[in-house]
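Here are my notes on the model, point by point. Please read them with the structure open.

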Amino acid sequence: MISLILTTLYLAKDTVHRWFTRASSPLARVLVVFFLSLCALCFLGSYVISAKAIRDKIRSRGGDLVAAFFMLPGESGGCLPSQKDTLELLGADSIAIIPAGSVNVTERKLLPVITYDFRRAGQFMPLLPASGGPVVLCPENAPAYPRGPLDVTLQGDEFSITVPVRYLPADHLLMRLQPGGLMLMPPEMVPPESQGRAMRYHRMMLQVRELENAESLHRVCRYLNKLKQLEGWEGSVSSAAALLEEMDIILGNQNQCRAAFCLGIMLIVGILLTALAGMEYRQNEFIYTLMKSFGINPLLLVGAFIVENLLLVAASFAGAVAVFMKAQKVIVAQFKLGQYSLSLEEIMPEIQLISVTLLICILVSAIPIMVAANRQIGRVLK
């Protein structure tokens, strides 16, 4: 046990001595790994940001939505899945409405009227006024109506009613389903002559929370189409899955570029570490062979070089990550990808990829040391 500790201390002292007497060797490893890692982080970081920007643009244009229209056979022809069901089964928020005619807002402006199924009352009641009557809902980025009460005329009738106006965020599912605004009417207030006909038609909008690829949308579409088939409904289901598939192909090509880039780093760093480790071992081969003749396990010698490279590479890579995180806005701005920045969590898969690449380089660089350390003692000391 004491000999193991003394041997370890000697190898550590020898390593530090070599660093000071031949500073070019550790300095070369540190600088090469640092700058290659920084370049890799910039390249792979731009890939992550470009994918993030594409997904944000697709979301802003409705790429994360699935729209469905169903016509149910009769007043009790089934029911659509609830908000809780779609969230648990599909990972998607949802809203379902029932068209119930239209109203005249101005002389030339018609506003659709919608109602809802009683099973989704909890989703719509917070949107209604305290009186429980109808309300006009508009997106806040397009204030077409005053914020006070509004007089509307029921289409086909000659009387007007006064309803409040409420503005919702533009990304609210109801506003994405009907961007021009609508009037929400509780089911009990729908005219009796319209209830039987209106309650057969349902429109549904689902928003996928985690839009990773086209499969996220295909899964929702398959569920709704299967439900339509089993229930015997008529209707259609549409989404932007085709656009997502094209994006997946582009990102797949970028994955190949990532792999090729990391392979290039592996070759450069691997050759450098292997050459320097072999050179330093040959310069001290006589001393290491004497240590072997005294009973020192060759694995200790190999381990010393692995630990040395591991410390230098880890310090260099940590420095590159720190510099990238501090200066990423300046670096990313050169790629003209917009005002995006990455958190450590978002860039972590790329950090892990480069870490594995560098670790492979360290292990590969130890192969010549293992071969040299197992040479016969007599051939070296003769």
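1. Phe70 is buried, at a relative accessible area of 0%. Buried means under 20% relative accessible area, exposed over 50%, and partly exposed in between, with a 1.4 Å probe and protein chains only. This is a predicted model: local features need pLDDT of at least 70, side-chain atom pairs count only at pLDDT 80 or more, and totals for chains, interfaces and linings use all residues. Residues are numbered from 1 along each chain as its sequence is written, and side-chain values use heavy atoms, with hydrogens and water left out.

2. What does Phe70 pair with? The structure holds three aromatic pairs. In one of them, Phe70 and Trp233 are tilted, at 5.3 Å centre to centre with 55 degrees between the planes. The pair links distant parts of the chain, 163 residues apart. Phe70 sits in strand E1 (residues 65-71), and Trp233 in the loop between helix H7 (214-231) and strand E10 (234-239). Trp233 is buried too, with a relative accessible area of 6%. For the criteria: rings of Phe, Tyr and Trp (its six-membered ring) pair if their centres lie within 6.5 Å; planes under 30 degrees apart count as stacked, over 60 as edge-to-face and the rest as tilted. Helices (H or I, at least four residues) and strands (E, at least two) are DSSP runs, numbered from the N terminus.

3. Five of the seven residues of E1 are buried, so E1 is largely enclosed by the rest of the structure. E1 pairs with strand E9 (residues 201-208) in the antiparallel sense, over seven bridges. Two strands pair if DSSP finds at least two bridges between them. Ala67 stands opposite Met205 in E9. E1 also pairs with E10, again antiparallel, over six bridges. Here Val66 has Ser239 in E10 as its bridge partner. In a regular strand the side chains alternate between the two faces of the sheet.

4. A stacked pair comes next. Tyr116 and Phe124 lie 4.8 Å apart centre to centre, with 0 degrees between the planes. Tyr116 is buried at a relative accessible area of 4%. Phe124 is buried as well, at 0% relative accessibility.

5. Thr115 belongs to strand E3 (residues 110-115). Is Thr115 buried or exposed? Thr115 is buried, with a relative accessible area of 0%. The Thr115 side chain reaches the backbone oxygen of Met185 at 2.9 Å. The rule for such a polar contact is a pair of N or O atoms within 3.5 Å; within protein, one must be able to donate a hydrogen and the other to accept it, and residues adjacent in sequence count only if both atoms are side-chain atoms.

6. How many salt bridges does the structure hold? There are three. The criterion is a side-chain nitrogen of Lys or Arg within 4 Å of a carboxyl oxygen of Asp or Glu. One joins Glu308 and Arg29 at 3.1 Å, N to O. Glu308 lies in helix H10 (residues 298-333) and Arg29 in helix H2 (residues 24-60), so the pair ties together parts that are 279 residues apart in sequence. Glu308 is buried at 2% relative accessibility. Arg29 is buried, also at 2%.

7. Asp93 forms a salt bridge with Arg209, with the closest N and O atoms 3.0 Å apart. This pair links distant parts of the chain, 116 residues apart: Asp93 in strand E2 (residues 92-104) and Arg209 in the loop between E9 and H7. Arg209 counts as partly exposed, at 48% relative accessibility.

8. Arg222 and Glu215 meet through their side chains in a salt bridge of 2.5 Å, N to O. Please check this distance in the viewer. Arg222 is partly exposed, with a relative accessible area of 47%. Glu215 is partly exposed at 38%.

9. Glu188 lies in the loop between strand E8 (182-184) and helix H6 (192-198). Glu188 is exposed, with a relative accessible area of 55%. Glu188 and Gly133 are 55 residues apart in sequence and 9.7 Å apart in space, C-alpha to C-alpha.

10. Finally, the totals. The secondary structure comes to 13 helices and ten strands. Buried residues make up 43% of the 382 residues. Among contacts (heavy atoms within 4.5 Å) between residues at least 6 apart in sequence, 79% join residues at least 24 apart.
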